[in-house]
Every structure is written in C-alpha cells, then in structure tokens.
Amino acid sequence: MNQTASVITAKVGLAKAKDSALLIGFFKDKTGLNAELSELDKEYGNAVSSYIKGNSFKGDKGEIKSIYANKGIKNIVLVGLGEEEKYGLDVLSNTIADASKRMRDSKTENFSIFLESFKGRFREEDCVEKAALGILMGVYQFTEYKTKDKDKIKKIRQATIISNSGKTFDNEIKYASAVADAVNKTRDLINTPPNVATPEYVAGYAKEIAKKSNLKCTIFDEKQIESMKMGCFIGVSQGSINKPRMIVLEYYGAAKTQKPIAIVGKGVTFDSGGLNLKPYPYILNMKDDKGGAVAAMHIIEACARLRLAVNIIVITPLCENMPSGTSFRPDDVLKAYNGTTVEIKNTDAEGRLILADALSYAAEKKPQAIIDIATLTGASLIVLGYAGTPFVCTDESLRKRLNNASAKSLEKLWELPLWQEYEDSLKSDVADVKHIGDEGEAGVITASMFLKNFVGDIPWAHIDIGTTVWSKVDKGILTKGATGATVRLLMEMMREWK
Ligand code: BES
Ligand code: MN
Ligand code: ZN
C-alpha cells in the first residue's frame, strides 16, 4: 500500500503555482483556454496554446500529454476527458486515477490538479471527493512480498487540488481519505496470500483494528463455534488444519437504543472447492474468497474513524475450504444454527453454508437490517460481467438506500428477483433443503434463495461480489488484484443513514 500519498487542497493563482506537474483537463475538441489558463499560458511563453495548435492534443478520453515547462511548474500535463455530453464523475475519477498512475510511473512524486478544468456540470465538493478517491485508489500498489529493489518502488507523495472558490473542502478530503484508506487496506488483506492470511491471522488483524478504533471485538474459536451448534459453518471448516474463527465487531455512533445495522461478510481464506476440488485455473485467486469479510471489517473501522451516527455490528465467519480425510462430503446432512437441516450436494458451494449460520446469528441480534457481502458465485460473472455487482433485497427502504448509495458511490449494483420458482429448486429428498439449485440455472438467485432461509423477517440484502472483488486490469481506479468492492458503496450508505 502507498501509505505516503496524501491529497490536500490549495487556493493559488495558476500562473503562480509551483509543483512538479500540473494536470489540466480538456473536453474533446474544446481545447480553448479560459482566462486563468491564458494567464498561465502567457507566463509559460505560450507553451500550452502552441502545443495544442500543433494538433498534438485533442482532448480524447484517455489522452495524456506532458509539456516540459521547467519553471514554477515543471511539467504541464494535458488530460483528455472525452466528449462533454458523456462526462460523469466516474470519468473524472478514472481519468484522474490514470493520470496519477502516469505521474507515479514517470517518477513525479508531487503534482497539482486544476479543479475548474475537471468540473464539468458537477458540484466542486463532489469533484474534490471523487478526484481524491481517484488518486488514492489509482496509485495503490501491493508490494508487501517483493524483496528486491524496494527503494526503486515509485510513489506519489502529495497531490494538491487547486480551487479558487475559497472553500477548503475539509469534509470531502477527510471522507475521501478515510474511504480510500479502507479500500486500500481491504485490498492489502485480500491480496495477502492464503498461507499467511489464515482465519486465525484475520481474527488477530480484526483485534488490532478494534483496539486502534475503539470497537468492541469478540472472537469465537472452533470450540465455541462448535458448542454454539453452527453445524454448517463447522462442516465447511472441518477439512482444514487451519481452524475457523468468527469475528464480531461492534461500533456505536448513535444512541444505544437505535438498533444496529448488521453487516455479514463471507470469509473463506482459501476456497479449494473441498472434496469437489476446483480444477486449474479455477482454483487460482481463491484467496479472494475472504473479500466480503475483509471489506466489512474495514467499513466498520472507517465508520468509527469518521464518527458516523450509526450503530453497526459486523459478523464474519472465517474458515478454509480444503479437501482431506476430515472434510465434509456431498450427501452429508448438516444442521444449521437455526435448526434447518441442509443436504450437501457440492462442497464447493461452501460460502452459503457458513453464511447461513452467520446470518441466523445476526438475525438473533434483532438488527434493523442485515446486509451480507460475499464472493458467493462464479455465476455473477455471467449476469453482469465485471461492470457491476448483482444483489437481492427483501425490503423497499433498504433497496432505496442501496440504489442511492450505488449512484453516489459510483459502485454499480443491479437487483435480481427472488421469485417463488427459484425456491422450488432447493427442495431436498432427505433434509429440509439442499444448498444448490439446478445446474447452470440462475446461480446467483438460487444461492440467494438459500440464504433467505436464515434471515427470518429482518430486512435483508445480499451483495454477490464473486466477480467484482477482483480486477484483471490496472486501469482508472482499478489495480490488478483485489478491488475493495463494496467499501465505497456501504460507506456512502452509512454516511446517509438516518
Ligand atoms: N467462492 C466461490 C465463488 C466464486 C467462483 C467466486 C469463482 C469468484 C470466482 C464459491 O464458493 C463457489 O465455488 N461457488 C460455486 C457454486 C456452485 C458449486 C453451485 C460456483 O459458483 O461455481
Ligand atoms: Mn466454493
Ligand atoms: Zn467460495
């Protein structure tokens, strides 16, 4: 993680600005200079206008051109924003992220951004927040396990957002920094290899978070999980020598009388598939199967850091799904914490089993809502690809909160239905239910239908980050590996929770 990067704001005339680089945004075919830019241009001997006149820069989306100016500003960087009609805060955030990566790769440790030129039709406050998130998420790197040439790792130290409106944007910078930190720490822990990040390790990590942020932290070990009769959770865990843990973190930012919001996160530290072993290459990256749990832990930490006025309880079952002589098997019948018997058909559908017990445990706490985050299905890739995250929801007001947070946080969500037809596919010949539906049919929904048996009548949403937990590309706010999915989304939701 790039711990040294920070974003600040400043009020300074452009022509007087001093920095290693200055980023200026231009819409496609709108490369004229306003008064402030003209002044800068004059100060720099028409460097900008003559460069643009030479047709070397058009403002195409993704275009980044650097002019060596070698004065107060060392490099003037022209950044293409694409067509103005298609411009959104997502383009702003991703473009600034890409430009930040470019700065870093060219060993520019400090740079400034001329906010006005990136503003489009948006509020300056929103632009500052999305710009800061773009920078801090875009330049993330996971270098923990590199031992060679550590000193050659390129880093951004400081980005300065220049605005002359007189506002300091303290709240926006504070919020964006806390959220970006949560995203990047989530990425760090998900990226941490499974031989290191065992359930015990993640539980120890949670304890540290709790101590630093003053959260209540309870950790259940395998004996306690067993004596609580969490039969599904124990079933999945029993094949590994790395013993399970369940973490419960609590934050009270509102009156104690206000019911908490429960966030439940799937924490499979490595999903081999169990006896239904995943074949290569599907077994790769399965350290990301703890993504829901890790996101939830950092969401509650960031809520505490920002002192948001909500009560939150995070519940994360952590275990490893491994094949061995002690593994659970297909045909086993497991008894869930809420008493439901479950017929096992495929040991690779383990996430819904550990969630079943964690969800009923959450429901017992009578929260005002339960939201679970889980890398639950490969089928999520079929439904929405990498562009967005599918979810299901049983409650209108929770649905509104999620859709609203999705729009504001720029994390795309799309709801799938919970129709009766899907429930029928979970009927079992020997137990109350089986845990998977018909092969190849509506995998995201049938998994959700199974989970629905364990939340009682508490308003509930399930977010399936099976696909969006991970990125194959290093582009915009994304970097290769863990994405930190749902952190921005749920932070936005908690920020507005009333
Ligand atoms: N953790 C996986 C889901 C997953 C797979 C996430 C690939 C990201 C990439 C989950 O435990 C799983 O294996 N699900 C199975 C369920 C099936 C056996 C019903 C799946 O989706 O293939
Ligand atoms: Mn699995
Ligand atoms: Zn899994």
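**Figure 1. Crossing of helices α9 and α15 in the predicted model**. The axis of helix α9, which spans residues 291–305, comes within 10 Å of the axis of helix α15, residues 487–496, and the two cross at roughly 40°. This crossing of α9 past α15 is right-handed. On the α9 side, the contact is formed by Ala295, His298, Ile299, Ala302 and Cys303. Helix α15 contributes Val487, Leu490, Met491 and Met494. Sorted by class, the residues of this contact comprise eight nonpolar and one polar, with no charged residues.

Figure 2. Most peptide bonds, by contrast, are trans.

**Figure 3. The surroundings of ligand 1**. Ligand 1 is surrounded by 15 residues. The closest of them are Asp348, Ala349, Thr377, Gly378 and Gly466. By class, this shell consists of seven polar, four nonpolar and four charged residues.

**Figure 4. The contact between domain 1 and domain 2**. The domain assignment places residues 6–168 in domain 1 and residues 178–496 in domain 2. A distance of 38 Å separates the C-alpha centres of the two domains. Domain 1 supplies 14 residues to the contact, and domain 2 supplies 13 residues. On the side of domain 1 that touches domain 2, the elements giving two or more residues are α3 (89–105) and α4 (124–138). The largest share of that side comes from α3, with six residues. The residues on this side of domain 1 divide by class into seven nonpolar, five polar and two charged.

**Figure 5. The open sheet of six strands**. The strands are arranged in the order β1-β6-β5-β2-β4-β3, and their pairing is mixed. Strands β1 (6–10) and β3 form the edges, each pairing on one side only. From one strand to the next, the twist averages 25°. Edge strand β3 runs antiparallel to β4, to which it is joined by five bridges. Among the residues of this pair, Lys65 has Leu78 in β4 as its bridge partner.

**Figure 6. Asn70 in the loop between β3 and β4**. Asn70 is located in the loop that leads from β3 (64–68) to β4 (73–80). Its phi is near 55°, a positive value in a residue other than glycine. Most residues other than glycine have a negative phi. The two strands on either side of the Asn70 loop are the antiparallel pair of Figure 5.

**Figure 7. The open sheet of three strands**. This sheet has the strand order β12-β13-β17 with mixed pairing. Its edge strands, β12 (333–335) and β17 (433–434), each pair on one side only. Strand β13, residues 341–343, runs parallel to β17 and is joined to it by two bridges. Within this pairing, Val342 has Val433 of β17 as its bridge partner.

Note on methods: Residues are numbered from 1 along each chain as its sequence is written. Chains are lettered from A and ligands numbered from 1 in the order in which they are written. This is a predicted model: local features need pLDDT of at least 70, side-chain atom pairs count only at pLDDT 80 or more; totals for chains, interfaces and linings use all residues. Axes are lines fitted to C-alpha atoms, for helices over the stretch in contact, and angles run from 0 to 180 degrees between N-to-C directions. Helices (H or I, at least four residues) and strands (E, at least two) are DSSP runs, numbered from the N terminus. A crossing is left-handed if the near helix is turned anticlockwise from the far one by less than a right angle, and right-handed if clockwise. Two residues are in contact if their C-beta atoms, placed from the backbone, lie within 7 Å. Ala, Val, Leu, Ile, Met, Phe, Trp, Tyr, Cys and Pro count as nonpolar, Asp, Glu, Lys and Arg as charged, and the others, Gly among them, as polar. A residue is near a molecule or strand if its C-beta atom, placed from the backbone, lies within 6 Å of it. Domain bounds come from an automatic or database domain assignment. Two strands pair if DSSP finds at least two bridges between them.
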